[in-house]
Amino acid sequence: MITKKQGWILGGSITALIIAGGLGWWYYQSTVTENGQAQQFARQYAENFERRDYQKLFKQVDQASLKQNDVSTKSPAEKMTADFKYLGINKVKVSDVKTMHQGAHKYLLQYQADLMTPIGLIKNQHYRVPIEVKNKKATVIYSDSLIIPGLQKSQKLNIFKDGGERGEILDRNGKVLAGNQATKILKIVPRYFINDDGSIDQTKVADVANKYNVSGDEIAKGINEYHDHPDWGYTVKTLTDDDYQGDDENDGASVQTAYERTYPKGAAFGLLLGYTGTATADDVAKNSTLSGNDIVGRAGLEQTLDQRLRGKEAVKYQILNTNGTTDKVLLEQKFEKGEDIKLTVDADLQQTTYDGFAGKPGAAVIQAPKTGELLAVVSSPSFAQDTMAQDYNSLANNQDYPFIERFNKGYAPASTFKQVSAAIGLENGTLNPDEVHHIEGKKWAPYSVTRVNSDVDVNLQTALQHSDNVYFAQEMLKVGRDKFEKALQDKFTFGRDYKLPLNMASPSYSNSGKLENDKQLVDSAYGQGEMSVTPIEMVTMFNFLDNDGSIVMPKLLMDNKKPKVIKDVATSEHVQTILNDELGIVENADGYAHALYNDGFKLAAKTGTAETGNNNQNALVSVHDVQNNKFTGLYIVENSVLNGKDYNPQADVLAKPSVDYLEQNYK
């Protein structure tokens, strides 16, 4: 029997057990709820980090930890955004996510992350994120190590770059056309010169200025310009042989190797090679592998071959201490020179051909017909890249526009195109080379076709040698628009991609894409109408005369790739018919290209005069090495007639030095 006292004791014990049990259940429930909240918060944090959504990442952050790390309430997301943008991190991969309970209300999120940068992965970064849960609210305890593991408040991220030698461009014989000259440049890291209050430490500035013989104002300029990016390297000057070139520690300055582009062949190659420049903000935005100090191609082959030519700089992604020295290297890229590229051009031939123009506006393209290799690609006038900056005003005011790539410009091929029309007529079977056309006067009324000669009886030989427009108009009417167009498209490269490392359009014969009427057909027969063909395309489509009736497409790079060949453009018999007729254009004393004649050398040619409007004309000449079959060329001179008066020399006159060089050196 339980006594009253015993009952009281027992009742009290039961009550105590009930109370204790209730408190334990409450603690258990709150812990479970808090743990779940921490787990969910940690999971969302890791997901936001992988998505690079830094606003959500730091939506709930401990205010005391921000003050401790000198970070304002709004800026942790901005700081991580800026730092990751500086490193060029464009992708994040998170793995092995874990959350641990570390005591009352404290948890630790851990995960591995790979950070993709323009030069590769910063791998296996082990992140540790302290989390605190109070009053049903989870917050992140901030430190700079949340950006990069191990990063401390006193340390800074830095990208160090050195070198990046661009590949050389060489001619077919290995002569340097675009090369590099190694120089030493002085860079500063602005943060080293900035005091805690934001002012510039003039003593440090003066030390570097005196050591490297540079203006203190120039150093201050870099500090101010890179105010928003104080860890970036600012280029102060190119050091001379008389300057101190030591790369000392702990002075905020760095001496690095840079490479200046040089162009030893000057203006003869100006428009073909183009030039380089420093990457702009737009360049960097389009290509994450670039930074503001990188050199990129700006025009010509420097631009179209930029990816191959551009070398890899020695790059270090590193953490610096307050002295500007390296505490840790996160990622490193070794120096790698860009690819050297050999062109098919002959530097001496290019120079001779360019000099022959004597600054007159025009272009010349010379080809080795059997291989398609372009031996010279000339545009006149041009510019010398090494002096372009100081010459810019005179170049910009030159009325002959030296920045136009005339070898890439669409022209009316004029009567040089009669070579193509002759082949089309012969292949079609409608043109009989011995048939005589009886033509009276200099104008054929039905289609308003004019001619310069007054021959009454005209066969193919006479029509080629005296460049008779009426004859070819009549012959192409026999062929008809459909067959003429088909031959241009199927055989003579119209509409084709030439696949050269140049920015060029395909040849065209009509703005609408087809011949709209017979008037357009007859005008096209002698290379006028709406025809637009570049000198590169002209020399290519005319090389069927040098390849026994096949067209060999052009190539500009010396490699093992064989050029595409369009076969059966014309029969061997028809080729010989045209070439034999064209020999007289050079050999005959009254030949239209007799200026190119050299005794004992068999050279065929076809001249052309393109009407360009306002009583202006361009002069052209197409040449074929019948002697050795080593070269074929196309020369064009703009404004041979200006406002109805003779102005610039005829094409054969300006081509003479180039053709003489070819006859003497290409045998």
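Which residues do ring pairs link into a cluster? The cluster consists of Phe49, Tyr54, Phe84, Tyr111 and Tyr127. Here, rings of Phe, Tyr and Trp (its six-membered ring) pair if their centres lie within 6.5 Å; planes under 30 degrees apart count as stacked, over 60 as edge-to-face and the rest as tilted. The model described here is predicted, so that local features need pLDDT of at least 70 and side-chain atom pairs count only at pLDDT 80 or more, while totals for chains, interfaces and linings use all residues. Residues are numbered from 1 along each chain as its sequence is written, and side-chain values use heavy atoms, with hydrogens and water left out.

A view of the whole chain comes next. The protein chain contains 20 helices and 26 strands; helices (H or I, at least four residues) and strands (E, at least two) are DSSP runs, numbered from the N terminus. Along the principal axes, its C-alpha atoms fill a box of roughly 150 × 70 × 45 Å. The radius of gyration of the chain is 38 Å, whereas a compact globule of 667 residues would have a value near 26 Å. This radius is taken over C-alpha atoms, and the globule rule is 2.2 Å times the number of residues to the power 0.38.

Of the 667 residues, 50% count as buried. Buried means under 20% relative accessible area, exposed over 50%, and partly exposed in between (1.4 Å probe, protein chains only). The accessible surface of the protein chain comes to about 31,400 Å², and carbon and sulfur atoms hold 47% of that area. Such areas come from the Shrake-Rupley method with a 1.4 Å probe; for residues, only the protein chains shown count as cover. Among contacts in the protein chain with a separation of 6 or more, 65% are between residues 24 or more positions apart, where contact means heavy atoms within 4.5 Å.

Back to the rings: a search of the whole structure finds 18 aromatic pairs. One of them joins Phe49 and Tyr111 in a tilted arrangement, 5.3 Å centre to centre with 55° between the planes. This pair links distant parts of the chain, since Phe49 belongs to helix α1 (residues 4–51) and Tyr111 to strand β2 (residues 106–117), 62 residues apart. Phe49 is buried, with a relative accessible area of 0%, and Tyr111 is buried too, at 1%. Phe601 and Phe631 make a stacked pair because their ring centres are 6.4 Å apart and their planes are at 15°. This pair also links distant parts of the chain: Phe601 is in the loop between α19 (572–587) and β23 (603–613), and Phe631 is in the loop between β24 (616–625) and β25 (632–642), 30 residues apart. Both Phe601 and Phe631 are buried. A charge can also sit over a ring, if NZ of Lys or CZ of Arg is within 6 Å of the ring centre and within 35 degrees of the ring normal. Lys204 does this with Tyr192, lying over its face at 4.2 Å from the ring centre.

Strand β2 also holds Gln112. Not counting residues up to four places away in sequence, Gln112 touches Lys93, Val94, Ser95, Asp96, Asn124, Gln125 and His126. Gln112 and Lys370 are 258 residues apart along the chain, and their C-alpha atoms are separated by 60 Å.

How many residues of strand β15 (residues 362–368) are buried? The count is 7 of its 7 residues. In a regular strand the side chains alternate between the two faces of the sheet. In β15, Gly362, Ala364, Ile366 and Ala368 point one way, and Ala363, Val365 and Gln367 the other way. Strands pair if DSSP finds at least two bridges between them. β15 runs antiparallel to strand β16 (residues 373–380), joined by 7 bridges, and Ala363 stands opposite Ser379 in β16. The two strands form a hairpin with 4 residues between them, and Gly372 in the turn has a positive phi of about 80°. β15 also runs antiparallel to β25, with 6 bridges; there, Ile366 has Gly633 as its bridge partner.

A few backbone details complete the picture. The peptide bond from Ser380 to Pro381 is cis, with omega near -5°, and Pro381 lies in the loop between β16 and α12 (388–396). Tyr401, in the loop between α12 and α13 (418–428), has a positive phi near 50° without being a glycine. Lys499 is not a glycine either, yet has a positive phi of about 55°. Lys499 is exposed, with a relative accessible area of 70%.
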